[in-house]
Amino acid sequence: MLEEILSVLLPLSNTLSGSFFIYVNVVILTILFPKIYISSQIYIKSVQINKLLNEYYSLKAENSILSSKIEKITKLTLITIAGTILITISAKVKIPFYPVPMTMQTFVILLIGITLGYRIGLATVALYLFEGIFGLPVFAGTPEKGIGLVYFTGPTMGYLVGFLVAVYFVLWRK
């Protein structure tokens, strides 16, 4: 029976277009060998499903890496902002002294350097200094003695820049 079908199909293959011939062959194979055709289709679908699952898991892994990085950046940003708020509050607790007021800033700067490390500590102090330079009243004598760059470049400039050095070197011996 197979030989008869093939003897009819082979001469037709020369006259029929390629896609139609393939379609006819698939139809004949499904009639003659249904189990083979079904198992091959199941295999093809399983390969496609496997590719889709691999793509899904790789995208899921990339998404989890990205979300963990975003969480880390958010956490460090909030810590830095909280540190600048703490430095600002400690700057407002002062004992009148001339020309540089005596405040709790030194204690808080060293505490930030010890607890957060030099990288996050430097970022915190740098953000604090930029806040003051841009005009926020975060320094000890502001707003009474001026704000912004005018106050920063006054007699307390060396002391304020020294905060960066103190944060960096507080853990220098470790």
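Mentor: Let us begin with Y151, which counts as buried at 8% relative accessibility. The model is predicted, so local features need pLDDT of at least 70 and side-chain atom pairs count only at pLDDT 80 or more, while totals for chains, interfaces and linings use all residues. Residues are numbered from 1 along each chain as its sequence is written, and side-chain values use heavy atoms, with hydrogens and water left out.

Trainee: Why does Y151 count as buried?

Mentor: Buried means under 20% relative accessible area, exposed over 50%, and partly exposed in between (1.4 Å probe, protein chains only). Y151 has 8%, and is therefore buried.

Trainee: What makes the aromatic pair of F139 and Y151 stacked?

Mentor: Rings of Phe, Tyr and Trp (its six-membered ring) pair if their centres lie within 6.5 Å; planes under 30 degrees apart count as stacked, over 60 as edge-to-face and the rest as tilted. The centres of F139 and Y151 are 5.6 Å apart, with 25 degrees between the planes, so the pair is stacked.

Trainee: How do you know whether Y159 is buried or partly exposed?

Mentor: Y159 has 33% relative accessibility, and therefore counts as partly exposed. F163, at 4%, is buried.

Trainee: Which residues form one aromatic cluster?

Mentor: The cluster consists of Y128, F139, Y151 and F152. F139 is buried as well, with a relative accessible area of 1%.
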